Amino acid sequence: MTGNVHDVGGPPARSLKPETEPTPQGSEDAVRRRPAEGSPLQVSLTRRAMLFSGSCHPQLATAIAAALGTDLGRVEVSRFASGEIYVRFLESVRGCDAYVIQAHGAPVNEMIMEQLIMIDALKRASASRINAVIPYFAYARQDQKALAREPISARLVADLLSAAGCDRVMAVDLHTGQIQGFFNVPLDHLTALPVLAEHVRAKGWSNLVVVAPDPGRGKMAQKYAAHLECGIAFMQKARRPDMRNVSEPLGLIGDVRDRRCVVVDDMIDTGGTIANVAAALQRAGAADIVAVATHALFSPPARKRLDESAISEVIVTDTLPLDPAGRPARLTVVSVAPMIAASIRAVFADQSVSEIFHDENLESLPRASPRRV
């Protein structure tokens, strides 16, 4: 075994317990259910949660644990000389509710495999419930067949998680809602939309219009517009089926002249879509352009495209680690750690996750319909 050894975690994890009221000791139920003194089968019914981080984004996992008032569990993640992944948990996980926090960042395939091996190790170590917490779910854009003889890779990743022994998946802002149907285990779809919208609202900007960069972001744009109480515009684009990461804007629906445009998307990869939309909005007379997205992949040449574009600010979350060499100059990062922590607490306590987001993590449109400009 060589190099790249990660002992991800700190001291033994503190228990995260759901808030329940103890049964009064003098009650009839307590007397009836109390096991005989000295019974060898007398056990505590207290559940415990343990959080573990893969090697992709330990900073986010640490922030999530801190928001929950607990510590990350200790796990060794290393590589053999051949490149194979080795995982060993350094404390007992028997009977616990385990949460494996791993974003599918670069190198994508290694991070997915690392999470699968961690899940398998937990299953074989008798963890009670295994939850995969995935801030960024890879292969989400391969959710359908656009050409003959193509795979549906998002379904494959979902099947791999189930086959490894995962009992539940928690993912942030999937590329399309239909991916939820690919899983054979419960999936909690979390969204950073309220966090990002509140960040934009706090700036106090006026004369706003939310712009959907393509028809697929239409519902997302309407939800942002409802939060910001502003109008909405739509951009039509076309992708080259024979080339990856290539798109062209075809037309704009809505008036953006002399308005501050907030372009919203679920991710920024190479920055081509956002940069092209910004150029089209600038030609249409927009006064200012801000880009807002959940996942900051920033694959080359994203930094160059964004820095040279008409975009005055790029606002993203920390679902993925950011390489300093790939950061655009005008970048703001908003943390989703408190939101993910609240969702983990709700799952552990068997409470509603949708109530945390006021149902905005669902595919339904906002109750208050935004106006089109």
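Author: Helices (H or I, at least four residues) and strands (E, at least two) are DSSP runs, numbered from the N terminus. By that numbering, helix α2 is followed by G69, whose phi is positive, near 70°. The model is a predicted one, in which local features need pLDDT of at least 70 and side-chain atom pairs count only at pLDDT 80 or more, while totals for chains, interfaces and linings use all residues. Residues are numbered from 1 along each chain as its sequence is written, and side-chain values use heavy atoms, leaving out hydrogens and water.

Reader: Which residues of helix α2 are buried?

Author: Buried means under 20% relative accessible area, exposed over 50%, and partly exposed in between (1.4 Å probe, protein chains only). An α-helix has 3.6 residues a turn, so residues three or four places apart point the same way. In α2 (residues 58-67), the buried ones are L60, A61, I64 and A65. They cover an arc of only 140° around the axis, which puts them on the same side of α2; the arc is that of the directions from the helix axis to the C-beta atoms. Q59 and A66, on the other side, are exposed.

Reader: What do the buried residues of α2 pack against?

Author: Contact means heavy atoms within 4.5 Å. Those residues pack against β2 (49-53), β5 (97-101) and α9 (337-348).

Reader: In what order do the strands of the open sheet stand?

Author: Strands of a sheet pair through backbone hydrogen bonds, either parallel or antiparallel. Two strands count as paired if DSSP finds at least two bridges between them. Here the order is β2-β5-β6-β7-β8, with parallel pairing. β2 and β8 (187-190) are the edge strands, each pairing on one side only. Between β2 and β5 there are five bridges, and M50 stands opposite A98 in β5.

Reader: Across which strands does α9 lie?

Author: Axes are lines fitted to C-alpha atoms, for helices over the stretch in contact, and angles run from 0 to 180 degrees between N-to-C directions. α9 lies across β2, β5, β6, β7 (168-172) and β8, at about 160° to β7.

Reader: How many residues of strand β14 are buried?

Author: Five of the five residues of β14 (residues 313-317) are buried, so the strand is largely enclosed by the rest of the structure. E313, I315 and T317 point one way, V314 and V316 the other. β14 pairs in the parallel sense with β13 (residues 288-296) over three bridges, and with β15 (residues 331-334) over four. V290 has E313 as its bridge partner, and V316 stands opposite V333 in β15.
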